[in-house]
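Below are some exercises to work through by eye, each with a solution you can check step by step.

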Amino acid sequence: MARSQVARLYSQIVFGKPLLVISLLLLLVAFFAWYAQYFRLDASADSLLLENDPDLEFSREVNIRYGIRDSVIVAYTPEGELFDRSELAKMERLRQDLLAIDRVQSVDSILNVPIFGDTPLTGISEDYLTLMDEETDLQLAQQEIMSSPVFQNALLSPDGETAGMQVSFAIDQTARGLISRRTELRNLELSGEINPEQLQELADIEAEYAEYSVQAADRQHQIIGDIRATLDNYRDGAQIYLGGAPMIADDLVTFVQGDLNNFSIAVVLLIIFALGIIFRRVRWVAMPLICCAAAGTIMVGLLGLMDWRVTVVSSNFISLLLIITISLTVHLTVRYRELRATRHYSNHDKLLRHAVLSMFRPCLYTALTTAVAFGSLLVSGILPIITFGWMMMMGVATALIVAFTLFPSIMSLLQRDDTQMSSRLKLNLTGALARITDKLRMNVLVIYTLILAFSVMGLSMLRVENSFIDYFRESTEIYQGMALFDDKLGGTLSFDVVVDLPEQGDSLDDGFDDGFDDGFDDGFGDSGNDDAYWFTAPKMQQIKSIHEYLDNDAQTGKVLSFGAIVQLAEILNGNQEVDGFLWAILYNRIPQTLMSTVLTPFVSIDDNQTRFNVRVIESAPDLNRNELLQRIEAGVEEEFGFEDEQVRLTGILVMYNNVLQSLFQSQILTLGVVMLAIMLMFLTLFRSLYIAVICIIPNAIAAAFVLGIMGWLNIPLDIMTITIAAISVGIGVDNTIHYMHRFKREFPRFGNYRETMFFCHNSIGRAMYFTSMTIVAGFSILALSNFIPTIVFGLLTSLAMLVALTGSLTLLPQLLITFKPLGPEAPENA
């Protein structure tokens, strides 16, 4: 009774007062169009991290403890000799121009590193030479830097032709303070110890940080833009590339924005072209586009209003919203035209009501099941992925509401469409698939069994990996730059190995507390004396050994640590080990200008801890980051006898890996749970467990096939592609529901499974076919992008559409014919 009242009220409003509905929708669209100006892409690296990841919190602690700053690296390769006075002068001008950029704190390069020459270890002081000093012998200096364990493969390539310039940014103390206080309050909230005042403070800080992070992201983008503009002034006569995590994060968003700008119009034009070929009437081309525009504007404005930033992960949500909206409107269009063709004497309003009301239930259930598929993203624990899930669930609801209000309202104001729907279509795939299914019969099940086996084999080869260099074509500047950094400057992205050293008795305490206290009073203050005694010979040898162990791994690039300083000290000491007494002297004589670059970032005396920064060769073809990280951590513990809690890995590479592993577990391994939830939706819709099981089989095979193809083609599941499982299921379910709903309704009329199949293929099958072909035509243009994830998304989405369509029009009807879940067929003479 309630359902009929709702249907009656809906009909009275939508069909009875179409102008009112259109006016309300226009006001709604105008309202959200205003807030669309606040819609933004989030360029920060933090947007792709697990917010509650212990490694993220530890990483922030390490950054504060060691004074680590965000930085980018410039690779400078002149056409002439690098170690030429004119080239060095040009590099110095570039260095000064970079230092002049707002928030650039320092620029370290071969120009300002110390040149020791034949200076003995005990002769090191503040007064050291650099390349810019006239008395420096450039040829000897080149050999020294190329052989230096500290600077080789970091600031100078092994061949001596490429120089690296590390451009470090000023620490954002405001952001650091907000994050620190937010973390404290969140921990109180998790423990249940937070009071109302602190809860309000947490809400205020969350809002303040959300606003400030937008400013910080825009400022970071501006800084990188200024650096690039500065580098452009020096490209004449030199090959220059920019690298580093902030640059990669910024470029990812730049590429996504570029694709949105470049391909949006092309996709729309191709969709218009496809709809025009299929329907050959302006109204049937305009209606889906009007609905898409309304739904898209509402969703973009809603995201702007709620300040939900779109990251590189969720940047495809507009494309998916386009698919869902077009699917709904095409189904309504085909149903109306189908009724128009078979009921010549019914009036326009009656046909429209029948078409819309008869399609509401299957469309509602397709929307619900699609929402369930995207709802699986909510359990990922990763904020941008969760947000993407909510975006798509709200997008599905928006598309459903717009399609079932705007479409019938506009159609009510239009004259009836008297064009005949041809029973013969060029490239009539639906009729062909019906004939193929009828001819092959049980062989269809055999073929799909083989496809399933093929898919399972591909699934076994599927790997989880995140290689940023593989996001770009080899012809792009960013790819070439990352390849050069890997080849000549020890890699770009890195992770940290943080080691808590074992407590050791001070070998110098007894011998020097009394006898030498007065003699070194000027050089050793009280705190300096204590700190100097931390540098014992056994400890330094252990740090050097760990450094060498990390450096000798075949898959690591440049290793930066105090271990390299130990190696350099031994070279300056005539290739002899340095004893504890000499280390104590060196600590107090180390130039202050070097302290912030060679000591502070790698040693924490108060915590008895040392840090090793390990770069990774991104372009290595056999690199498995998760296996590398596990091997390094276990190897350091086993090789040097550390306990598990004494060695921790952190850094951007570790946290991205944590995101991937978490997402893989929550998405791929819970795909069965998603299938179960969808099967329950089938059970509710069709009220038959038998039918529900039959309907889930084509969807399971379709999802497995798409993932299996990724395995066979060696396309890894990464931050950009891991949502394809939810997308495949969400798309496939729509076709299954529409086909099964129509089949169940028409079967009593025919009493024969094969005849019902032929009828459904030429009715609802057409709507499925038109939708799939329209989307495939539109998304095929994405293959021209320079951004590999965009290409993969376009091709895999198109593949998912085709597989879902083929499965619903071959496997599903054959399963129905074979197992007869709707009961026995009627006798032929009945």
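**Exercise 1. The second largest cavity**

Which helix gives the largest share of the lining of the second largest cavity, and how many residues is that?

*Solution.* One thing to keep in mind throughout: this is a predicted model.

Step 1. Find the space. The second largest cavity holds about 140 Å³. Of the 14 residues that line it, the closest to its centre are Ile323, Gly730, Ile731, Asp734 and Met801.

Step 2. List the helices that supply at least two lining residues each: H10, H11 (348-375), H26 (724-750) and H28 (764-779).

Step 3. Pick the top contributor. The largest share comes from H10, with 5 residues.

Step 4. The lining divides into 6 nonpolar, 7 polar and 1 charged residues.

**Exercise 2. The largest cavity**

Work out which residues and helices surround the largest cavity, and what class of residue lines it.

*Solution.* Step 1. Start with the overall picture. There are 10 cavities of 30 Å³ or more in the model, and about 300 Å³ of space lies in the largest.

Step 1. Go to the middle. Ile124, Ile565, Trp583, Ile590 and Val598 are the closest to the centre, out of 21 lining residues.

Step 2. Assign the helices. H19 (562-572), H20 (580-589) and H21 (592-599) each bring at least two residues to the lining. H19 gives the most, with 5 residues.

**Exercise 3. A pair on helix H10**

Are Glu338 and Arg335 buried or exposed?

*Solution.* Step 1. Find the contact. Glu338 forms a salt bridge with Arg335, with 3.2 Å between the closest N and O atoms.

Step 1. Locate the residues. Both sit in helix H10 (residues 317-342), 3 residues apart, about one turn of the helix.

Step 2. Glu338 is buried, and so is Arg335.

Step 3. Widen the view. Salt bridges that share partners join Asp159, Glu161 and Lys488 into one network. The structure holds 21 salt bridges.

**Exercise 4. A glutamate in a loop**

Where is Glu577 found, and which residues is it in contact with beyond its neighbours within four places in sequence?

*Solution.* Step 1. Glu577 is in the loop between H19 and H20.

Step 1. Classify it. The cut-off for exposed is over 50%, so Glu577, with a relative accessible area of 56%, counts as exposed.

Step 2. List the contacts. Leaving aside neighbours within four places in sequence, Glu577 is in contact with Gln541 and Glu570.

Step 3. Compare sequence and space. Glu577 and Gln541 are 36 residues apart in sequence, and their C-alpha atoms are 8.4 Å apart.

**Exercise 5. Strand E8 and its partners**

How many bridges join E5 to E8, and how many join E7 to E8?

*Solution.* Step 1. Begin with E5 (residues 494-500). E5 runs antiparallel to E8, joined by 7 bridges. Val498 has Arg611 as its bridge partner in E8.

Step 1. Move to E6 (residues 556-560). E6 and E8 pair in the antiparallel sense over 3 bridges, with Leu560 opposite Asn613.

Step 2. Finish with E7 (residues 603-604), which is antiparallel to E8 with 2 bridges. Here Val603 has Thr610 as its bridge partner. The hairpin of E7 and E8 has 4 residues between the strands, and Asn608 takes a positive phi near 50°.

Step 3. Check the cover. In E8 (residues 609-616), 8 of 8 residues are buried. One side carries Gln609, Arg611, Asn613 and Arg615, the other Thr610, Phe612, Val614 and Val616, and both faces are covered.

Key. Residues numbered from 1 in each chain as written. Predicted model: local features only at pLDDT ≥ 70, side-chain atom pairs only at ≥ 80, totals over all residues. Heavy atoms only, no water. Salt bridge = Lys/Arg side-chain N within 4 Å of Asp/Glu carboxyl O. Buried < 20%, exposed > 50% of the residue type's maximum accessible area, 1.4 Å probe, protein only. 1 Å grid on protein atoms, 1.4 Å probe; cavity = no way out; pocket = protein on both sides within 12 Å on 5 of 7 lines; lining within 4 Å. Points joined across faces, edges and corners; volume = space filled by probe spheres on them. Nonpolar A, V, L, I, M, F, W, Y, C, P; charged D, E, K, R; others polar. Contact = heavy atoms within 4.5 Å. Pairing = 2+ DSSP bridges.
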